[in-house]
Amino acid sequence: MKFSPTIAPSILSADFARLGEEVEAVVNAGADWIHFDVMDNHYVPNLTIGPMVCKALRAHGISTPIDVHLMVKPVDRLIDDFIESGASSITFHPEASEHVDRNLQQIRDGGCKAGLVLNPATSLSYLEHVMDKLDIILLMSVNPGFGGQSFIKSTLTKISAVRKLIDDSRCPIRLEVDGGINADNIGDIGLAGADTFVAGSAIFNQSNYKKAIAELRKKLDTDS
Ligand code: DX5
Ligand code: ZN
């Protein structure tokens with residue numbers, strides 16, 4: 001099952017000094033989800049935002065789904081904190097967890113959608129025994145840690161392989177891709193089988209967010 005195209009702006013590239021306004025602006029510009037990158041200076045060499053910021057966005061009135069991408073190790077405590085702070089979905093990297101099955105269950109038990117994130121060099125074998133516990137498979141098309149990197153082309157083959165795994169499983173799992181997505185490559189990423197698209201710099205580095213999101217959507221319409 002392929003979900004209808006979902007655009008998830010990554011607030012990593014937003015102006016953090018005006019975060020509430022920035023999120024409102026992308027929501028008004030047509031964002032389907034807000035992608036929320038959590039980095040701990042341990043699993044990845046960068047430090048960003050945590051559950052308090054997610055809670056503050058909810059208190060600010062943001063009702064759009066918040067898609068929390070954990071780039072932290074360990075994940076256990078922060079999963080509970082993000083459930084409590086209003087996350088809609090929570091994804092984590094299997095290498096950062098001692099108990100992948102338990103953490104997926106923990107996320108679903110908290111009422112959120114659960115997902116695994118695979119780095120460019122991470123094997124699809126992590127998915128084999130947990131397909132029924134996944135709502136999202138997130139493929140990284142850059143190495144995690146920073147916005148504004150270039151899309152790694154070999155991800156396209158990996159996307160097709162995961163599309164097949166999902167279709168064969170008949171489980172309702174989203175196929176999300178994150179890193180280096182822009183108007184020039186989103187069509188190919190959609191054709192390879194992705195349905196959920198994270199874009200940071202391709203949206204927040206533009207002066208007109210509405211135009212940037214519309215451009216991404218248009219490429220999906222014309223190329224698929
Ligand atoms: C990278 C993050 C991405 C990043 C995407 O570790 O997970 O979400 O912000 O940014 P762009 O679209 O600029 O590659
Ligand atoms: Zn991300």
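1. Which polar backbone atom lies 2.8 Å from an oxygen atom of ligand 1? In this predicted model, the backbone atom in question belongs to G180, and the distance of 2.8 Å runs from there to an oxygen atom of ligand 1.

2. H35 places a polar side-chain atom 3.4 Å from an oxygen atom of the ligand, and H69 places a polar side-chain atom 3.2 Å from an oxygen atom of ligand 1. The accessible area that ligand 1 has on its own is 380 Å², and the protein covers 100% of it. There are 20 residues around ligand 1, and D37, G148, D178, G200 and S201 are those that come nearest.

3. The strands of the model form an open sheet of 8 strands with parallel pairing, and reading across the sheet gives the order β1-β8-β7-β6-β5-β4-β3-β2. At the edges stand β1 (6-9) and β2 (34-39), each of which pairs on one side only. Neighbouring strands of this sheet are turned against each other by 25° on average, with direction ignored. For background, the strands of a sheet pair through backbone hydrogen bonds, and such pairing can be either parallel or antiparallel.

4. Strand β6 deserves a careful look. Of the 5 residues in β6 (residues 136-140), 5 are buried, so this strand is largely enclosed by the rest of the structure.

5. The neighbours of β6 can be traced bridge by bridge. Strand β5 (residues 113-118) runs parallel to β6 and is joined to it by 4 bridges; within this pairing L116 stands opposite I137, while G115 has I136 as its bridge partner. Strand β7 (residues 174-178) also runs parallel to β6, and 5 bridges join the two, with I137 standing opposite L175 in β7. Between β6 and β7 the chain crosses through helix α5 (residues 155-169), and this β-α-β crossover is right-handed.

6. Is β1 covered on both faces, or open on one? Both faces of β1 are covered, with T6 and A8 buried on one side and I7 and P9 buried on the other. The strand β1 runs parallel to strand β8 (residues 196-199), to which 4 bridges join it, and I7 stands opposite F197 in β8.

7. L70 lies in strand β3 and has a relative accessibility of 1%, so it counts as buried, the cut-off being under 20%. Although L70 and V38 are 32 residues apart along the chain, their C-alpha atoms are separated by 5.0 Å.

8. Residue S141 is found in the loop between β6 and α5. Is S141 buried or exposed? With a relative accessible area of 0%, S141 is buried. A polar atom of the side chain of S141 lies 2.7 Å from the backbone oxygen of G179.

9. Some details of the backbone call for a second look. Most residues other than glycine have a negative phi, and most peptide bonds are trans. The peptide bond from K73 to P74, however, is cis, with omega near -5°, and P74 is found in the loop between β3 (66-71) and α3 (76-84).

10. Two residues other than glycine have a positive phi and can be inspected in turn. For N41 phi is near 60°; this residue sits in the loop between β2 and α2 (51-59) and is exposed, with a relative accessible area of 54%. For R170 phi is likewise near 60°; R170 is found in the loop between α5 and β7. The relative accessibility of R170 is 76%, so this residue counts as exposed, which requires over 50%.

Terms used: Residues are numbered from 1 along each chain as its sequence is written. Chains are lettered from A and ligands numbered from 1 in the order in which they are written. This is a predicted model: local features need pLDDT of at least 70, side-chain atom pairs count only at pLDDT 80 or more; totals for chains, interfaces and linings use all residues. Side-chain values use heavy atoms; hydrogens and water are left out. Buried means under 20% relative accessible area, exposed over 50%, partly exposed in between (1.4 Å probe, protein chains only). Two strands pair if DSSP finds at least two bridges between them. A crossover is right-handed if, with the strands pointing away from the viewer, the path from the first strand over the helix to the second runs clockwise. Axes are lines fitted to C-alpha atoms, for helices over the stretch in contact, and angles run from 0 to 180 degrees between N-to-C directions. A residue is near a molecule or strand if one of its heavy atoms lies within 4 Å of it. A polar contact is a pair of N or O atoms within 3.5 Å; within protein, one must be able to donate a hydrogen and the other to accept it, and residues adjacent in sequence count only if both atoms are side-chain atoms. Accessible areas come from the Shrake-Rupley method with a 1.4 Å probe; for residues, only the protein chains shown count as cover.
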